Structures are given as structure tokens and as C-alpha cells.
Amino acid sequence: RVLLGDGCSMPLVGFGTYLMSPEQTRSAVLQALDLGYRHIDTAEGYRNEGEVGQALRDSRLQREDVFITSKVFPGNPAWNAPAK
């Protein structure tokens with residue numbers, strides 16, 4: 001684990017979901033959590049954030065025990081930002 005500036009600690013190794021279809025994501029993330037991963041990487045642009053969340057709920061792990069990284073797509077209209 002690495003200590004971040006805000007006092008949180010983040011596992012050094014994470015499970016990435018880039019290029020993973022939504023249909024694959026839930027079961028793959030569940031398996032990763034079962035194997036001991038506690039850092040899951042996703043992004044709005046990957047279009048699988050919902051499935052990552054469902055896997056976390058289905059895992060019955062406590063939310064505070066899993067570190068999730070995500071990225072917001074540039075130009076997200078919900079932020080009233082221009083498209084990039």
C-alpha cells in the first residue's frame with residue numbers, strides 16, 4: 001500500500017477494467033475481489049462503472065475496504081464542460 005497526501009492508503013496493485021465489456025465486468029471484478037484484489041480501476045469512458053459497483057455490492061465486502069479509481073470523461077455534459 002502507498003500512503004496518499006490526504007491520509008488514505010491505496011493498494012499498489014489494482015485490477016483494471018479497461019476494454020472489458022459490461023457483460024464481462026461483474027463476474028471478472030467479483031473474481032478479482034475473491035482473489036484478494038482491493039483496488040479496482042474503472043472510468044466513465046469504459047462504460048462499465050455500474051457493473052463494477054454491482055460486483056462490489058454482490059461481494060459483500062465493506063465499501064471502505066475496497067479502493068476504487070475512476071476517471072471522468074473530458075467534456076462531460078453534466079459538468080457543463082465543453083466537449084474535448
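Let me start at Arg-60. Arg-60 is exposed, at a relative accessible area of 75%. Exposed here means over 50%, buried means under 20%, and partly exposed is in between, with a 1.4 Å probe and protein chains only. Arg-60 sits in the loop between α2 and β5 (67-69). Its phi is near 65°, a positive value in a residue other than glycine. Most residues other than glycine have a negative phi.

Arg-47 is another such case. Its phi is positive, about 60°, and Arg-47 is not a glycine. Arg-47 lies in the loop between β4 and α2. At 68% relative accessibility, Arg-47 counts as exposed.

A word on the model. It is predicted: local features need pLDDT of at least 70, side-chain atom pairs count only at pLDDT 80 or more, and totals for chains, interfaces and linings use all residues. Residues are numbered from 1 along each chain as its sequence is written, and side-chain values use heavy atoms, leaving out hydrogens and water.

Now the overall layout. The chain has 2 helices and 5 strands. Helices (H or I, at least four residues) and strands (E, at least two) are DSSP runs, numbered from the N terminus. Along the sequence, the pattern is β-β-β-α-β-α-β. Of the 84 residues, 30% count as buried. Take contacts with a separation of 6 or more: 60% of them join residues 24 or more positions apart. Contact means heavy atoms within 4.5 Å.

Next, the helix pair. At what angle do α1 and α2 pack? The angle is about 40°, and the axes are 8 Å apart. Those axes are lines fitted to C-alpha atoms, for helices over the stretch in contact, with angles running from 0 to 180 degrees between N-to-C directions. On the α1 side, the contact includes Pro-22, Arg-26, Val-29 and Leu-33. On the α2 side, Glu-51, Val-52, Ala-55 and Asp-58 are among the residues involved.

Look at Val-29, in helix α1. Is Val-29 buried or exposed? Val-29 is buried, with a relative accessible area of 1%. Leaving aside neighbours within four places in sequence, Val-29 is in contact with Phe-15, Thr-17, Ile-40, Val-52 and Ala-55.

On to charges. How many salt bridges does a search of the whole structure find? There are 2. The criterion is a side-chain nitrogen of Lys or Arg within 4 Å of a carboxyl oxygen of Asp or Glu.

One joins Arg-26 and Asp-58, with the closest N and O atoms 2.6 Å apart. Arg-26 is in helix α1 and Asp-58 in helix α2, so this pair ties together parts 32 residues apart in sequence. Arg-26 is partly exposed at 35%, and Asp-58 is partly exposed at 30%.

Another joins Lys-71 and Asp-41, at 2.6 Å from N to O. Lys-71 lies in the segment after β5 and Asp-41 in strand β4, so the pair ties together parts 30 residues apart in sequence. Lys-71 is partly exposed, at 34%.

Last, the surface. Which residues make the nonpolar surface patch of about 490 Å²? They are Val-2, Leu-12, Val-13, Leu-35 and Tyr-37. Patch residues have over 30% relative accessible area and no salt bridge; like charges are joined within 9 Å, and nonpolar side chains (Val, Leu, Ile, Met, Phe, Trp, Tyr) within 5 Å. Tyr-37 is in the loop between α1 (22-34) and β4 (39-41), and is partly exposed at 31%.

Methods:
Accessible areas come from the Shrake-Rupley method with a 1.4 Å probe; for residues, only the protein chains shown count as cover.
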